[in-house]
Amino acid sequence: MPRATRASRLSGLLASVLLLAVTAVGCGSSNSGSTSSGSDTSGSNSKASADAFPVTIAHKFGSTTIKSEPKRIVTVGLTDQDAVLALGKVPVGTTEWLGGYKGAIGPWAKDKLGSSPAPTVLKDTGTGPQVEKIAALKPDLILAVYSGLTKAQYQSLSQFAPVVAQPKAYNDYGVPWQQQTEEIGKAMGKADGARTLVSGVEAKFAAAKKANPAFAGASAVMATPYEGVFVYGSQDPRSRLLSDLGFSLPKDLDKVIGDTFGANISKERYDLLDQKVAVWIVPDTTTAVTKLHGDKIYGDLNVVKQGREVFIKESSDYGNAVSLSTVLSIPYVLDRMVPQLAAAVDGKTSTKVEQPAS
């Protein structure tokens, strides 16, 4: 499923009633009978603060109170597993979005597993979270921070465990990685650890900006050739990668795409692509580029003529890390994206934007 259509993954309503086995599961279930077990990994983030609970977290559907440190976490949010891992715990269940990785854990996060078994991977076939399979994991916390959870889905899941849904202040799938990490940290009783993680990644952005002053204020856009041209809005984590590096997004971007994480644009609005840098997430860095450049309207834009494009292969580890944009994947991305952006932003046709070696 193309990553541009992720909102549809959680758009269907859950079944109107849960099986008796589901509703009977308590929020504080033990590990017995489970298919997998969560565990703490070593590191400074592995211990919850003694006075962290109870904690109440506000979200799109109200608020959720977590009474004690969660031991068995299931992530329904498509990227929430990385924050959990970064904070020293392995989820018992994760939701697969892209990459096909074991446990839905990318290479940038594998070392956080330690000796723990990989989480059980849940799939979303378009009808919402797999309620029965989630219940079988006996979670004591369900995280849906980076999600498009509906109210009906939230209510159904809340019958057997506390659920932290997406924040009200942002579009579905629009929570910034910083807030995602900090909200998950609060839910796990590790607010201080979460802030430390965020500060560490923000320092990497600051170093990249300092080393590349040409990024400051330069206009940039993130897009993908899905059903024509799909452009990501200011609330999408991919666009925030550019903003956090000092780039400015097109002035009319959100006005054109509306109140969503992104949208397809008509050829009449290809001016949105004619920025100092255009970053493309493409299925193939040869075929897709040839097709894009073969479009006369796009091919005649200065961003093309002056060699100011960055292409990222969608199905590569790099492409997956860009789409996830988490506290763990972002350092991996910056190591690869910053050199590409630096080559593109100089505007010299003689400067080739190289693909990362790995």
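In which sense do strand 2 and strand 3 pair, and over how many bridges? Point 2 gives the answer.

1. Basis. This is a predicted model, in which local features need pLDDT of at least 70, side-chain atom pairs count only at pLDDT 80 or more, and totals for chains, interfaces and linings use all residues. Residues are numbered from 1 along each chain as its sequence is written, and side-chain values use heavy atoms, with hydrogens and water left out.

2. Strands 2 and 3. Strand 2 (residues 55–59) and strand 3 (residues 62–66) pair in the antiparallel sense over 5 bridges; pairing requires that DSSP finds at least two bridges between two strands. The two strands form a hairpin with 2 residues between them. I57 has T64 of strand 3 as its bridge partner. The covered face of strand 2 consists of V55, I57 and H59, while T56 and A58 make up the uncovered one.

3. Overall content. The protein has 13 helices and 14 strands. Both are DSSP runs numbered from the N terminus: helices are H or I with at least four residues, strands are E with at least two. Of its 358 residues, 56% count as buried, meaning under 20% relative accessible area (1.4 Å probe, protein chains only).

4. Surface and contacts. The protein exposes about 14700 Å², of which carbon and sulfur atoms supply 52%; the areas come from the Shrake-Rupley method with a 1.4 Å probe. Among contacts (heavy atoms within 4.5 Å) between residues at least 6 apart in sequence, 72% join residues at least 24 apart.

5. Helix 12. Helix 12 (residues 317–324) is largely enclosed by the rest of the structure, because 7 of its 8 residues are buried. Those buried are Y318, G319, N320, A321, V322, S323 and L324. They pack against helix 2 (80–86), strand 10 (220–224), helix 7 (237–244), strand 13 (277–282), strand 14 (309–313) and helix 13 (329–345). Just after helix 12, S325 takes a positive phi of about 45°.

6. S239. Helix 7, one of the elements that the buried residues of helix 12 pack against, contains S239. Is S239 buried or exposed? S239 is buried, with a relative accessible area of 1%. Its side chain reaches the backbone oxygen of G233 at 2.9 Å. Apart from neighbours within four places in sequence, S239 is in contact with M222, Y232, G233, S234 and L249.

Methods. Buried < 20%, exposed > 50% of the residue type's maximum accessible area, 1.4 Å probe, protein only. Polar contact = N/O pair within 3.5 Å; in protein donor to acceptor, adjacent residues only side chain to side chain.
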